[in-house]
Amino acid sequence: MKVSRNLKKTSAHVQVSQRDQGGMTLLETVIALLIMMIGVMGVMGVLAIAVTQNWSQGNVTSRTTEYAQDKLEQLLALNFTDSASNTAVYPTASTGGTGLGGVMAGNTTVGGVVDESPVTNYVDYIDPSGNQQGTRYGAAYVRQWRISTNAAGNLKTINVFVKALNASPNGTAAPTTTLVSMKSQ
């Protein structure tokens, strides 16, 4: 008798042990997958917004750099002592502007790159399509430039500043680019 009781305990123990080691039921698996899908869908929405914002911000930033490079090349193409070319238009007009400031004394600066304080003849505006325009109205970008001389007056430093006028939709600062180059006599 004692032996048979032990067998019953052993077989009962084996049955409990098998039930404890059983896998998840189909219902538990479906519920887990449903919860995981809801989480993934939430992350995908945020990811889509992030990708769109990065592309948009990167595109605008690339354009500010491109427009700064264009203006810098236009200014570097002028004669060192040019004082008449109008660089606020493209292509450069031979008269009506300030060129590279003409013959400048040492430690002199013309123009400016202070945001929101454009200096006449040292600023231009670009529309959303990349075309230069005469006023700020409807412009997507503003370009400003400054020309400075060294103490001897034989080296000009050209600074070009471009800013996107439309702030980004996510509240970050509008992209800007500043390029600096030097031109010697």
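Predicted model: local features only at pLDDT ≥ 70, side-chain atom pairs only at ≥ 80, totals over all residues.
Two residues are in contact here when heavy atoms of each lie within 4.5 Å. On that basis, among contacts in the protein between residues at least 6 apart in sequence, 49% join residues at least 24 apart.

The secondary structure consists of two helices and six strands. Along the sequence these elements follow the pattern α-α-β-β-β-β-β-β. The protein has 185 residues, of which 30% count as buried. Its exposed surface comes to about 11700 Å², and carbon and sulfur atoms supply 60% of that area.

Strand 4 pairs with several other strands. With strand 1 it runs antiparallel, the two being joined by three bridges; within this pairing, Val-110 has Ile-147 of strand 4 as its bridge partner. Strand 2 also pairs with strand 4 in the antiparallel sense, over four bridges, and here Ile-126 stands opposite Tyr-141 of strand 4. Strand 4 and strand 5 form a further antiparallel pairing, over nine bridges. The hairpin of strand 4 and strand 5 has five residues between the strands, and in it Gly-153 takes a positive phi near 75°.

The pairing continues from strand 5 to strand 6. Strand 5 (residues 155-164) and strand 6 are antiparallel and share nine bridges. Strand 6 (residues 176-184) has a covered face made up of Thr-177, Leu-179, Ser-181 and Lys-183. Its uncovered face holds Thr-176, Thr-178, Val-180, Met-182 and Ser-184.

Which aromatic rings pair with one another? A search of the whole structure finds two aromatic pairs. In one of them, Tyr-67 and Tyr-141 have ring centres 5.0 Å apart and planes at 70°; planes over 60 degrees apart count as edge-to-face, so this pair is edge-to-face. The pair links distant parts of the chain, with Tyr-67 in helix 2 (residues 26-76) and Tyr-141 in strand 4, 74 residues apart. Both tyrosines, Tyr-67 and Tyr-141, are buried. The other pair, Tyr-122 with Trp-145, is likewise edge-to-face, at 6.4 Å centre to centre and with 65° between the planes. Tyr-122 lies in the loop between strand 1 (109-111) and strand 2 (123-126) while Trp-145 is in strand 4, so the pair ties together parts that are 23 residues apart in sequence. Tyr-122 counts as buried because its relative accessibility is 6%, and Trp-145 counts as buried because its value is 0%; the cut-off for buried is under 20%.

Charged side chains also meet aromatic rings. The charged end of Lys-71 sits over the ring of Trp-145, 4.3 Å from the ring centre. Lys-156 lies over the face of Phe-80, at 4.6 Å from the centre of that ring.

Thr-149 belongs to strand 4 (residues 141-149). With a relative accessibility of 8%, Thr-149 counts as buried. Its side chain reaches the backbone oxygen of Ala-105 at 2.7 Å. Leaving aside residues up to four places away in sequence, Thr-149 touches Met-104, Ala-105, Gly-106, Asn-107, Thr-108, Leu-155 and Lys-156.

Gly-130 is placed in the loop between strand 2 and strand 3 (132-133). Gly-130 counts as partly exposed because its relative accessibility is 29%. The C-alpha atoms of Gly-130 and Arg-63 are separated by 8.5 Å, although the two residues are 67 residues apart along the chain.

Key. Residues numbered from 1 in each chain as written. Heavy atoms only, no water. Buried < 20%, exposed > 50% of the residue type's maximum accessible area, 1.4 Å probe, protein only. Polar contact = N/O pair within 3.5 Å; in protein donor to acceptor, adjacent residues only side chain to side chain. Phe/Tyr/Trp six-rings, centres within 6.5 Å; stacked < 30°, edge-to-face > 60°. Lys NZ or Arg CZ within 6 Å of the ring centre and 35° of its normal. Pairing = 2+ DSSP bridges. Areas by Shrake-Rupley, 256 points an atom, 1.4 Å probe, with all protein chains shown as cover.
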